[in-house]
Amino acid sequence: MKNTVQKNSVYEADTEFIPAHYQPALLVDLALSRGVDSRDLLRGVRLNLEQIKSAQKVISAEQFLTLIQNTQKLLKADDTSFLYGQMLLPGLFGACSQAFQQMSNCRQVIDHLCDYQAILSPLLSSRRFENEDYVFIYWQDCTGANTEQLKFLIESQMTALVSMSDWLTGEKLPWQYHFSYAQPDYIEQYWVNFGEEISFNRQMSMLLIAKAHIERNWSNETMVGGEAVLNASRMQLSQLGVRTSFLDQVYDYLIQNIRQQINLDRLSEAFLLSPATMKRKLKKHNTSFQQQLDLARRNTAIYLFHVEGYSYPQIADYLQFNDMNNFRRSFKRWTGFSPSTLFNELSV
Amino acid sequence: MYNTLTKKVFFHSAYLYGLAIAIAAGIFFSYLMGEVKEWHQLNLLDVFSEGAMTVLASFWLLLVLRSRPGGRVTQLLAIGLSCIIFSWSMDLTDEFIRLPDSVVWHTWLESLPIPFALTALSIGIYHWHKEELAISAQMVKRERDFREYRLFDKLIPIGGAVYLRKQLGILIKESQKNQKPLALIAVDLDNFNYINRKYGIAEGDNILRALCQLLLLNLREQDVLCRLAGDRFVVLLPDTHQGVAESLAEELKAAVNSFAYKDRHSTERVFLSASTAVTLAGTEDSDSVFKRLNIGVLVAKQELV
């Protein structure tokens with residue numbers, strides 16, 4: 001068990017590090033091109049168009065989330081997140097964006113997306129796990145987005161990855177889409193942008209793809225150029241000054257210690273914070289200790305099921321539940337579904 | 001959009017200034033000739049009801065001026081409403097200022113504008129009716145049986161997904177009642193994603209708008225074109241067999257293929273092509289019809305590769 005957690009290069013909701021001319025500028029351009037007034041759009045964001053154009057301004061996750069909220073409110077169109085997603089990747093985010101063009105298969109794309117999340121997707125952490133046949137890619141809020149903003153972010157990140165893979169591979173890969181929420185009113189946007197392999201009310205929002213598809217090379221690797229642009233990406237990340245979010249750090253700690261008796265005091269101790277400060281920080285990110293613990297346990301259960309092939313009692317045992325009824329109730333609280341639904345989804 | 005709106009308000013504001021000056025003059029002369037009532041002399045119920053009438057009529061006038069382009073119909077409606085507001089506001093002035101019985105002109109100010117107003121409004125509404133008929137004729141192939149502006153697509157002046165669903169529900173019932181087949185065509189642009197990437201979203205929007213006009217030109221009188229989402233359009237074809245729908249779909253595809261849209265910046269031709277799918281609506285709900293149609297599009301796209 002790790003005793004303390006590194007506090008360097010961690011960003012919180014109010015850390016100013018997102019270059020305003022990266023993702024925020026794409027969203028601003030989209031809103032302006034659809035006739036939204038720039039003053040209304042930037043109200044409360046503490047940002048103006050000149051600052052974006054200067055390419056010098058960095059903003060915080062909070063500011064970016066306000067911009068997203070304003071866009072949703074002013075544009076009132078169901079396709080905003082999807083159009084925004086289509087422009088997101090590879091994007092014009094320096095070496096990290098250029099690197100995509102040097103890649104020769106989808107696995108490299110997914111790895112790069114997860115490794116450089118702080119630059120490529122600062123509001124939503126990208127994670128993946130895999131079993132023998134499938135790769136599972138999922139996204140988690142890492143800066144305190146509310147439900148509406150989170151839906152927007154997930155729609156746009158999924159669109160971004162799939163649209164870029166279409167573009168790089170020149171074909172439509174058979175992605176499967178799971179969403180943790182109920183089918184939205186604007187389901188036709190999902191049909192047109194994602195196709196027919198979509199299902200709602202799942203345990204978590206994720207993309208699934210058979211390994212065979214993402215390991216197929218579409219070009220030969222360029223040894224020198226590829227290496228150079230990856231080094232440049234590394235430098236870009238170190239210049240950014242932050243690497244991971246506070247919420248991701250909490251989540252990682254909980255995942256690593258999921259079999260211990262964790263409570264708020266233990267977590268605070270590891271972060272060298274008082275429990276009151278820890279509580280306040282979590283609240284600032286629109287969450288609580290219990291919510292984060294539930295999230296970590298839920299994801300561990302899903303991971304154990306898909307990757308390790310654990311049975312239902314084995315998972316309960318791993319997560320230190322002695323009583324099956326108790327486990328069933330808890331699982332229902334984490335996901336909204338009883339564990340049996342997970343086991344009924346044997347075919348992913 | 002914002003600019004045209006301000007211009008329109010400016011263009012119409014002559015009515016508002018005129019009305020304000022007339023009302024101010026009326027109040028001023030009443031004040032000169034009469035005496036202001038004490039608080040306890042006011043009939044609050046009258047003040048409230050007459051005040052509310054004046055405020056509401058002003059609201060109608062503002063709506064008419066804000067929403068309508070200039071022209072004869074707007075002029076007539078605005079004159080009629082202005083006269084009504086003037087007359088009612090003079091009525092309201094009475095509640096605050098007592099005039100000696102010898103003053104006759106004030107009664108005229110109250111009563112005379114009303115016949116004018118009603119005549120102007122009647123002629124205005126009659127022409128409005130004519131105008132609506134003319135506009136409806138232009139909306140053929142975009143709507144059928146009912147209009148709901150809230151369901152219009154945000155981007156393109158045709159019905160969006162919700163309008164499409166409602167329309168499909170109605171047409172399915174109709175086709176069952178009359179024992180006539182109902183066909184649907186989906187038209188989906190190929191690789192529209194790349195077009196958005198290459199030319200930008202604003203240009204992508206322009207292409208969709210132009211494409212909508214192009215598709216409308218190729219449809220029959222009874223067909224209805226809607227936008228499902230993104231670059232996917234759906235045509236509802238009442239009283240149409242599969243074969244006819246298929247040949248119509250081929251025509252739409254050919255029209256898109258030979259459409260030579262020019263990019264605004266480079267003025268180069270943007271090459272477009274579309275995939276289509278056809279299905280007949282049976283007795284099922286609209287979602288399963290859409291599902292079949294969507295799968296049809298996917299199959300058509302696979303043949304493309």
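This is a predicted model: local features need pLDDT of at least 70, side-chain atom pairs count only at pLDDT 80 or more; totals for chains, interfaces and linings use all residues.
Me: Why is the pair A:Lys284 and A:Asp14 called a salt bridge?

Reply: The closest N and O atoms of A:Lys284 and A:Asp14 are 3.4 Å apart. The cut-off for a side-chain nitrogen of Lys and a carboxyl oxygen of Asp is within 4 Å, so the pair qualifies. Side chains of opposite charge can pair when their charged atoms come close.

Me: Which parts of chain A does the pair of A:Lys284 and A:Asp14 tie together?

Reply: A:Lys284 belongs to helix α15 (residues 275-284), while A:Asp14 sits in the loop between β1 (10-11) and β2 (16-19), so the bridge ties together parts that are 270 residues apart in sequence. The two residues also belong to a network of salt bridges that links A:Glu12, A:Asp14, A:Lys281 and A:Lys284.

Me: What makes A:Lys284 and A:Asp14 count as partly exposed?

Reply: The relative accessibility of A:Lys284 is 33%, and that of A:Asp14 is 40%. Buried requires under 20% and exposed requires over 50%, so values in between are called partly exposed.

Me: How do you know that A:Arg333 and A:Asp294 meet in a salt bridge?

Reply: The N to O distance between their side chains is 2.9 Å. The limit is within 4 Å, so the term applies. A:Arg333 is in helix α18 (residues 324-335) and A:Asp294 in helix α16 (residues 289-308), and the pair links distant parts of the chain, 39 residues apart. A:Asp294 has 11% relative accessibility and therefore counts as buried, the cut-off being under 20%.

Me: What makes B:Asp188 and B:Lys301 a salt bridge, and are these residues buried or exposed?

Reply: The closest N and O atoms of B:Asp188 and B:Lys301 are 2.8 Å apart, and a distance within 4 Å is what the term requires. B:Asp188 lies in strand β3 (residues 182-189) of chain B and B:Lys301 in helix α10 (residues 286-304) of chain B, 113 residues apart. B:Asp188 has a relative accessible area of 4% and B:Lys301 one of 16%. Buried means under 20%, so both residues are called buried.

Me: How many salt bridges are there over all chains?

Reply: By this rule, the count over all chains comes to 27 salt bridges.

Me: How do you know that the radius of gyration of chain A agrees with that of a compact globule?

Reply: A compact globule with 348 residues would have a radius of gyration near 20 Å; chain A has 20 Å, so the two agree. The C-alpha atoms of chain A fill a box of roughly 60 × 45 × 45 Å along the principal axes. Chain A has 19 helices and nine strands, and buried residues make up 56% of its 348 residues. Among contacts in chain A between residues at least 6 apart in sequence, 70% join residues at least 24 apart.

Me: What is the accessible surface of chain A, and how are its charged side chains placed?

Reply: The accessible surface of chain A is about 15,200 Å², and 46% of it belongs to carbon and sulfur atoms. Chain A carries 33 positive and 36 negative side chains, with the centres of the two sets 7 Å apart.

Me: Why is A:Ile258 called buried, and which residues does it contact?

Reply: A:Ile258 has 5% relative accessibility and so counts as buried, since the cut-off is under 20%. This residue is placed in the loop between α13 (246-256) and α14 (264-270) of chain A. Leaving aside neighbours within four places in sequence, A:Ile258 is in contact with A:Ala296, A:Arg297, A:Thr300, A:Tyr318 and A:Leu319. A:Thr300 is 42 residues from A:Ile258 along the chain, and their C-alpha atoms are separated by 8.3 Å.

Me: Which kind of peptide bond joins A:Leu89 and A:Pro90?

Reply: The bond is cis, with omega about -5°. A:Pro90 lies in the loop between α5 (80-88) and α6 (95-101) of chain A.

Note on methods:
Residues are numbered from 1 along each chain as its sequence is written. Chains are lettered from A and ligands numbered from 1 in the order in which they are written. Side-chain values use heavy atoms; hydrogens and water are left out. Helices (H or I, at least four residues) and strands (E, at least two) are DSSP runs, numbered from the N terminus. Buried means under 20% relative accessible area, exposed over 50%, partly exposed in between (1.4 Å probe, protein chains only). The radius of gyration is taken over C-alpha atoms; the globule rule is 2.2 Å times the number of residues to the power 0.38. Contact means heavy atoms within 4.5 Å. Accessible areas come from the Shrake-Rupley method with a 1.4 Å probe; for residues, only the protein chains shown count as cover. Lys and Arg count as positive and Asp and Glu as negative; His and the chain ends are not counted. The place of a charge is taken as NZ of Lys, CZ of Arg, CG of Asp or CD of Glu.
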